[in-house]
Amino acid sequence: MSLPLVELSTAADVAYSPVPDRPKTCPHDRRTPVNGRKAPLNGRKTDAQIVEETKAWMTRQLPCVAGRRELNRGRYMVRAATRASVPGIFADFRTQLEQGSAVACLYVFNDERFYDGRSQTADVFHFLANQMQGITNVSADDLAHGAALTNSIELRCPVTNQRTLYDDFESIAFCPQSGVKADMLYDPLMFSPYPSVNMSSDVYAFSKFVADSAISAWGKPVYQETDLARVAKLFAQCVARWQRVATTTIRNYEALTDTAICPVHVTDDEKYWIAFHKDPAFAEQKKEIHRHELPIGYGTRITDRWLRYFKGDMAFVASGLARDGEPI
């Protein structure tokens, strides 16, 4: 049985693509410093304003297909944050993950020193690394220079219904200055309208996607289906669909990036995506080309482990399924 069109066709992917004639610059480049001068200070916006502006940008311009999907489903937490409130937001995120009402969390920081057109990416990365100290033992300086901010969270797997530890809830820094071509760390993949930190797990996000697809196709969760051939077919379809989501996302970013400055693309064999940074580094002060796995690799690894669980060969363990990017 094939999954419904809404889950597996490329129509959904196309809907998330950027406008074809969008110029290869960040849409906020019009606010970049002129003649070396920073944009004038116009006062601090309210927390509610920056959250609503961020959500509006995510709705209309976010190139990440999976991110838009979760936002549209109401499972993307977007919160105004401070150094003091970060631990509480993280605790709330964990609660919502347990309840199945959230998949990703975006911490948005309201500091007028780092509004669009002010400061440099490196300054924002140091600022964000300091803001996140309440949920990590990694030093702020290390985070700003390429270390990972990773949290492990025990959750019930949406596919197997077994509790397991997800060891890849990564926090990544984003800021307006990343979209400025004159910035030394120009990288539109790291752009957001306000200094932000995104927290999510690739393994858990894919698991929720597969669980959603089963409900849409069968009206029941995967773990209630006894026909393993049917389960295997759904898994293969979901890997293919998630692969299209991922490749569309990278090509969306490529379309708005000056790749002569910041390389980004999907490899010809569509096994990897290339970027001018390491995923999952929290932030970096030195840009280097890395390659990263696409779902055809890690998605297949995850579904193979699920199938082994359903066959009774092994307990399901979510840890160790994600792979870091590697320099090339």
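This is a predicted model: local features need pLDDT of at least 70, side-chain atom pairs count only at pLDDT 80 or more; totals for chains, interfaces and linings use all residues.
Me: What makes the pair Y166 and Y204 edge-to-face?
Reply: The planes of Y166 and Y204 stand at 80 degrees, with the centres 5.2 Å apart. A pair needs centres within 6.5 Å, and planes over 60 degrees apart count as edge-to-face.

Me: Why is the pair said to tie together separate parts of the chain?
Reply: Y166 belongs to strand β4 and Y204 to helix α8 (residues 202-218), so the contact joins parts 38 residues apart in sequence. Both Y166 and Y204 are buried.

Me: Why is the pair of F206 and W306 called stacked?
Reply: The planes of F206 and W306 are at 10 degrees, and the ring centres are 5.8 Å apart. Planes under 30 degrees apart count as stacked, and centres within 6.5 Å count as a pair. F206 and W306 therefore form a stacked pair. F206 is in helix α8 and W306 in helix α10 (residues 295-310), 100 residues apart.

Me: How do you know that F206 and W306 are buried?
Reply: F206 has a relative accessible area of 0%, and W306 has 0% too. Buried means under 20%, so both residues qualify. Ring pairs also link F206 and W306 with F209, F235, W242 and F316 in a cluster. The whole structure has 13 aromatic pairs.

Me: What makes R291 and Y272 a case of a charge over a ring?
Reply: The charged end of R291 lies 4.1 Å from the centre of the Y272 ring. The distance limit is 6 Å, and R291 is recorded as sitting over the ring.

Me: Why does D212 with R75 count as a salt bridge?
Reply: The N to O distance between the side chains of D212 and R75 is 2.7 Å. The limit is 4 Å, so the pair is a salt bridge. D212 is in helix α8 and R75 in the loop between α4 (65-72) and β1, so parts 137 residues apart in sequence are tied together.

Me: Which labels do K286 and E288 carry, buried, partly exposed or exposed?
Reply: K286 has a relative accessible area of 59%, and exposed means over 50%, so K286 is exposed. E288 has 35%, which falls between 20% and 50%, so E288 is partly exposed. K286 and E288 form a salt bridge, with the closest N and O atoms 3.5 Å apart. The structure holds 20 salt bridges.

Me: Why are β1 and β3 called edge strands?
Reply: The open sheet has five strands in the order β1-β2-β5-β4-β3, with mixed pairing. β1 (76-81) and β3 (149-156) have a single partner strand each, so one side of each lacks a neighbour in the sheet.

Me: What makes β4 and β5 a pair of strands?
Reply: Five bridges join β4 (residues 163-174) to β5 (residues 196-200), and the two run antiparallel. Pairing needs at least two bridges, so β4 and β5 pair. A173 stands opposite V197 in β5.

Conventions. Residues are numbered from 1 along each chain as its sequence is written. Side-chain values use heavy atoms; hydrogens and water are left out. Helices (H or I, at least four residues) and strands (E, at least two) are DSSP runs, numbered from the N terminus. Rings of Phe, Tyr and Trp (its six-membered ring) pair if their centres lie within 6.5 Å; planes under 30 degrees apart count as stacked, over 60 as edge-to-face and the rest as tilted. Buried means under 20% relative accessible area, exposed over 50%, partly exposed in between (1.4 Å probe, protein chains only). A charge sits over a ring if NZ of Lys or CZ of Arg is within 6 Å of the ring centre and within 35 degrees of the ring normal.
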